[in-house]
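Please examine the arrangement of the two chains below.

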Amino acid sequence: MSKSDRRIDIEEISGVTVARLLEKKILDEANIDALGQELFALVDKDGRKKIVLDFTLVEYLSSAALGKLITMHKKTNTAGGKLALCSIQKDILDVFKITQLNKVLTLCADLDDALKKVG
Amino acid sequence: MNEPVEFAASIPSSLREGLALQDRIVQVMERFSYSARDVFAVRLSFEEGLANAIKHGNQLDESKLVRISCRIDGSRMRVEMRDQGAGFEPDAVPDPTQEEFIERPTGRGLLLMRVYMDHCEFADGGRCLIMERERNSPLPVMDD
């Protein structure tokens, strides 16, 4: 996969995998499926167990994207790992709260907070 | 810009086909100076409605169409989507916030449309979705 095709940018910080979501709008089904495959590979293929998803760039996301995040959460749990989401813009944070997924997923204000939660 | 803008289109059952229409709605709303929150609410609801029409209504059958009509003026926007599926019973869709459903990966679109739009109604046995939103209509206040 070429760099321009990627939906996430990966960085290792103190033993934690930080995946920055690169798409502003996570709405299009094809993009969402591709994003899901990239995220799931972090657990299924790479065997990573401490993962932070950084939402700084994300301005929109649909319920189909929420579905991928739930599946990612389950995969990480099953693997005995930890997953946190951070730096979520207010409008999107409200989507998590309306759907009450803030009770299921670990949502953190910023990257430092998320690194502490999963580290 | 005071005159209402109206347009309609029929698209095949492909979510990608809906993106251009979604962008057109957003452009018209921005020309009418709707707030970013209004635009966020409508874009999200449009996407959820179209995903339901294509996936659950038309069962991803690209020979079936979704007919979309839209009317936007300075004070409100209205969108109607009609699919060619078998229809469904909206009240039979479970509440995705209930404990037994909360970890399901699907089933949140209807909830989001009902929250983000002022009016969300299904007609013709669930085959026709009508959504309306007033300018600056309040969204639920979510506690931190």
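## The nonpolar core

The largest nonpolar core of this predicted model has 65 residues, and those with the most contacts inside it are Val52(A), Phe55(A) and Leu50(B). A nonpolar core is a set of buried Ala, Val, Leu, Ile, Met, Phe, Trp, Tyr and Cys residues joined through C-beta atoms within 7 Å. A residue is buried if 20 or more other C-beta atoms lie within 10 Å of its own, exposed if 12 or fewer, and partly exposed in between, with C-beta atoms placed from the backbone. Helix 2 of chain B gives the largest share of this core, nine residues.

Beyond its neighbours within four places in sequence, Leu50(B) is in contact (C-beta atoms, placed from the backbone, within 7 Å) with Leu15(B), Gly18(B), Val66(B) and Met81(B).

## Basis of the model

Residues are numbered from 1 along each chain as its sequence is written, and chains are lettered from A and ligands numbered from 1 in the order in which they are written. Because the model is predicted, local features need pLDDT of at least 70 and side-chain atom pairs count only at pLDDT 80 or more, while totals for chains, interfaces and linings use all residues.

## Helix 1 of chain A

Helices (H or I, at least four residues) and strands (E, at least two) are DSSP runs, numbered from the N terminus. The buried residues of helix 1 of chain A are Glu29(A), Ile32(A), Leu35(A), Leu39(A), Leu42(A) and Val43(A). They fall within an arc of 130° (taken from the directions from the helix axis to the C-beta atoms), so they line one face of the helix. The face turned away from them carries the exposed residues Ala30(A), Asp33(A), Ala41(A) and Asp44(A).

The partners of these buried residues include strand 4 (50-54) and helix 2 (63-78) of chain A, together with helix 1 (15-31) of chain B.

## Helix 1 of chain B

In helix 1 of chain B, Leu15(B), Gly18(B), Ile25(B), Val28(B) and Met29(B) are buried. Their arc of only 120° around the axis puts them on the same side of the helix. Exposed residues on the face turned away include Arg16(B) and Asp23(B). Helix 1 of chain B is followed by Ser33(B), whose phi is positive, near 60°.

## Contact between the chains

Across the interface, 24 residues of chain B are in contact with 21 residues of chain A. On the chain B side, the largest share, seven residues, comes from helix 2 of chain B.

Methods:
Contact = placed C-beta atoms within 7 Å.
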